[in-house]
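My notebook is open, and I'm going through this one piece by piece. Here is what I looked up, in the order I got to it.

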Amino acid sequence: MNQVIGLTGGIASGKSTASDYIKQKGYPVLDADIYAKKSTAKDGPAYPGIIEHFGNDILQEDGEIDRRKLGAVIFNDTKEREVLNKLVHPEVRKLMDSDKEAALSESHVFLDIPLLFENGLDRQCDITLTVYVDQETQIERLMARNNFDRSEALARINSQMPLSEKKEKSTKVLDNSGSKADLFEQIDEFISSIEK
Ligand SMILES: CC(C)(COP(=O)(O)OP(=O)(O)OC[C@H]1O[C@@H](n2cnc3c(N)ncnc32)[C@H](O)[C@@H]1O)[C@@H](O)C(=O)NCCC(=O)NCCS
Ligand SMILES: Nc1ncnc2c1ncn2[C@@H]1O[C@H](COP(=O)(O)OP(=O)(O)OP(=O)(O)O)[C@@H](O)[C@H]1O
């Protein structure tokens with residue numbers, strides 16, 4: 001039997017920390033953020049449409065997209081975010097679907113998708129797993145990791161479905177408000193439950 005497990009959470013809630021650990025345990029993990037980076041790179045399929053809409057101002061000197069500049073536009077403007085999503089998400093889906101087919105010979109495949117519930121992709125998963133963190137810890141970790149001020153962190157958090165709602169919708173929740181060791185312990189328990 002193979003099972004598709006959708007791993008999600010809020011920005012900086014700890015999805016990559018969880019998925020790195022799951023990878024170390026030997027499971028295949030497909031990461032939507034990586035496919036999004038491939039799609040938006042200079043030689044990627046979404047790149048021409050992005051430049052056409054957002055203009056050359058969002059480019060670095062080497063022609064690659066300046067992610068901080070594009071982020072500043074789309075996380076502060078819902079309409080602009082929707083434009084970017086329409087350009088990037090179909091490309092992410094294509095890349096992910098083809099790798100998913102290849103990985104389906106494995107007993108379990110994890111899909112790390114930040115916008116799993118927002119985009120209704122939970123319907124393609126047998127189990128959904130949300131990495132939850134309380135909002136104050138989320139803000140602090142996001143500010144520290146990205147060198148953001150509080151308002152930049154809040155703009156990004158508010159561009160996603162509230163984490164409390166993702167928690168409600170999810171089959172299983174990993175609480176990452178404590179230490180990384182705590183998180184890894186919960187993952188070990190989850191893995192034992194799916195291996196039964
Ligand atoms: C706007 C961009 C250039 C900012 O790049 P940056 O390096 O700062 O962030 P990164 O790509 O590492 O994403 C960090 C996190 O931001 C959140 N996020 C990214 N894009 C979005 C979005 N469109 N809506 C809501 N949250 C988002 C996710 O939680 C993601 O894990 C980049 O995030 C992007 O191209 N986004 C559009 C594609 C997308 O939706 N990716 C998310 C999963 S498919
Ligand atoms: N339990 C923890 N204790 C302390 N710091 C943590 C913990 N879990 C994660 N972090 C740190 O918080 C930050 C966010 O974690 P991570 O990058 O795993 O989140 P993410 O959900 O993948 O983020 P994004 O949505 O931006 O891709 C990182 O700097 C990470 O090292």
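Entry 1: I listed the buried residues of H5 and got Leu84, Leu87, Val88, Val92 and Met96. Keep in mind that I'm working from a predicted model. An α-helix has 3.6 residues a turn, so residues three or four places apart point the same way. I then checked what covers the buried residues of H5: the cover includes strands E2 (29-31) and E3 (108-112), plus helices H2 (32-40), H3 (47-54) and H4 (67-74). H5 itself runs over residues 78-103 and has a kink of about 30°, centred on asparagine 85.

**Entry 2: ligand 1.** Which residues come nearest to ligand 1? Out of 18 residues around it, I noted Ile11, Ala36, Arg67, Gly71 and Pro114. H2, H4 and H5 each give two or more residues to this shell. Sorting the shell by class, I got 10 nonpolar, five polar and three charged residues.

Entry 3: Most residues other than glycine have a negative phi, so I went looking for exceptions. I noted alanine 12, which isn't a glycine, with a positive phi of about 60°. Alanine 12 sits in the loop between strand E1 (3-9) and H1. I also noted asparagine 147, again not a glycine, with a positive phi near 60°. Asparagine 147 is in the loop between H6 and helix H7 (150-157).

Are these two buried or exposed? I counted neighbours to find out. Alanine 12 has 25 other C-beta atoms within 10 Å, and the cut-off for buried is 20 or more, so alanine 12 is buried. Asparagine 147 has 9 within 10 Å, and exposed means 12 or fewer, so asparagine 147 is exposed.

Methods: Residues numbered from 1 in each chain as written. Chains lettered and ligands numbered in written order. Predicted model: local features only at pLDDT ≥ 70, side-chain atom pairs only at ≥ 80, totals over all residues. Helix = DSSP H or I, 4+ residues; strand = E, 2+ residues; numbered from the N terminus. Bend = angle between axes of the 7 residues up to and from the residue. Contact = placed C-beta atoms within 7 Å. Near = placed C-beta within 6 Å. Nonpolar A, V, L, I, M, F, W, Y, C, P; charged D, E, K, R; others polar.
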